[in-house]
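Student: Hi, could we go through this model together? I'd like plain answers, please.

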Amino acid sequence: MTDDVVDVAVVGAGAAGLTSAIVAAETLAQDGTPGRVLLLDGAKQIEAKILVSGGGRCNVTHEVITPKDFFGNRNIIRNILAAFSVERTIAWFTSLGVDLKREPTGKLFPVTDDARTVLTALLSRARHTGAIIRPGHRVTEIATSRAGFLVRHSHGTTQASRVMLATGGQSLPRTGSDGFGYRLACGLGHRVTPTVPALVPLVLDHSMFHATLSGLSHDVELTSVADGREVDRRTGSLLWTHFGISGPVVMDASRFWTLATNRGAQVDLYGNFVPSRTAEELKEWFVAQAAEHPRRSLTRTLSMLVSDRFAESLCLHCSCDPQELTAQVVRRDRERLLSTLMRFRFPIERDRGWNFAEVTTGGVPLEEINYRTMESKLVSGLYLIGEMLDCDGRIGGFNFQWAWATGWLAGQSAARSLLAAKLPPYSA
Ligand SMILES: Cc1cc2nc3c(=O)[nH]c(=O)nc-3n(C[C@H](O)[C@H](O)[C@H](O)COP(=O)(O)OP(=O)(O)OC[C@H]3O[C@@H](n4cnc5c(N)ncnc54)[C@H](O)[C@@H]3O)c2cc1C
């Protein structure tokens, strides 16, 4: 059993928790009296999520970060992001010994292309500051006490003046983020908005042709419609897989499907595979093709617009013969084909679930946090950071940026409040 008395207890040693611990310990040390900072994590292996992130390369951040890249209360998000800009993030990582490189998409990765570089740097800086890291210490309850907080965990109790709640969301629960942190937050009086998987692939009805296209990716404009109202429209790369659809545009759109489905709405996802043309232009183009190349097969004609594998699947899906001569395609078939090409309804069966989701939509409302400090408005001395808050970013390094920014703000604020509390009273 351990019975620690510490200045700052960080619950969850993920991206946000590690950042807050490092910044808190460094800020306290600037005063000449190193503070006691303790990180408790339920997982045996610390930050497995960083290691699997970005396909094992860890997409640390993005060259341009705006509130529009996030979902949640954008006014609050704007203020939080402004406190720790991309430039500061890059400089901070350089100071940790992690140089970042920019890819053509604007995503920033470590130059080593190895997520372990990021994890090792964070862990060694945390240890260097004197912060103590305790894996395998699952926190079961946090209670307020006269001196601050009593943090009960699998090996005993820790007394802390300040507590950082950095338990993440529910995505990839095998890494330790299983949603229990929400119960800890509720136990302290916070609310939690409904949580659903986001940045998650979508499973299609087995009667669809997706499996035959597995591995193929191409651009599409996706439109999400909930109860007859358009709720999202975005363009990007879609990947066909053995179970359904994935790829950046699908991952980004998925939160609209999971959120609306969760509240019982009828949600439809439509794909436009030729977004640069109007229906009239597409019809004119097809009629011209049929006149110029009457003996060309239907698949070959369509493959001037989309990949030939997709063109063939689409023909079969629309009950058309892929080898039929273009000039012989009857008007009804042509109309069906072209309208499907522009408004293809994906028959979604379900999302792929928490084990395949990259983030969580929903969480502790941002309105319950002081955005200047990340301190709870309900419990003084409690800070809430990272994915457990009701904010999720699109794919591209935005979710880590949220973790670094909220962790940095909370670490600095908690340390400053401790230092301020230790100041001798002003005497004239
Ligand atoms: C496969 C995958 C790839 C990703 N790739 C990227 C990417 O490249 N770029 C990007 O920006 N984002 C990426 N993300 C999202 C990003 O990883 C998360 O948004 C980010 O890690 C959240 O950080 P966090 O510190 O808030 O939570 P987490 O990283 O989830 O950390 C929470 C920690 O709290 C611990 N914990 C939970 N409950 C308890 C408890 N009761 N007691 C003690 N400890 C507890 C957990 O063990 C965990 O270590 C990816 C996510 C996944 C799943």
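Tutor: Happy to! Domain bounds here come from an automatic or database domain assignment. This is a predicted model, where local features need pLDDT of at least 70, side-chain atom pairs count only at pLDDT 80 or more, and totals for chains, interfaces and linings use all residues. Residues are numbered from 1 along each chain as its sequence is written.

Student: Okay, which domains does the assignment give for the protein chain?

Tutor: The assignment gives domain 1 (2–196 + 355–422), domain 2 (200–274 + 345–351) and domain 3 (292–341). The centres of domain 1 and domain 2, taken over C-alpha atoms, are separated by 31 Å.

Student: And how many residues does the contact take from domain 1 and domain 2?

Tutor: Ten residues come from domain 1 and nine residues from domain 2. Two residues are in contact if their C-beta atoms, placed from the backbone, lie within 7 Å.

Student: New topic: which residues of helix H4 are buried?

Tutor: In H4 (residues 86–95), Val86, Thr89 and Phe93 are buried. They cover an arc of only 55° around the axis, so they sit on the same side of H4. That arc is the one of the directions from the helix axis to the C-beta atoms. Buried means that 20 or more other C-beta atoms lie within 10 Å of the residue's own; exposed means 12 or fewer, and partly exposed is in between, with C-beta atoms placed from the backbone. Helices (H or I, at least four residues) and strands (E, at least two) are DSSP runs, numbered from the N terminus.

Student: What's on the other side of H4?

Tutor: Glu87, Ala91, Thr94 and Ser95, which are exposed there. The buried residues of H4 have a cover that includes strand E3 (61–62), strand E5 (100–102) and helix H12 (398–422).

Student: What follows H4?

Tutor: Glycine 97, with a positive phi near 90°.

Student: Now the ligand. How many residues surround it, and which are the closest?

Tutor: There are 38 residues around the ligand, and the closest are Gly12, Gly14, Gly168, Gly176 and Gly386. A residue counts as near if its C-beta atom, placed from the backbone, lies within 6 Å of the molecule. H12 supplies the largest share of this shell, four residues.

Student: Last one: which residues touch the most other members in the largest nonpolar core?

Tutor: Of its 80 residues, those are Ala9, Val10, Met164, Leu165 and Leu384. H12 gives this core its largest share, twelve residues. A nonpolar core is a set of buried Ala, Val, Leu, Ile, Met, Phe, Trp, Tyr and Cys residues joined through C-beta atoms within 7 Å.
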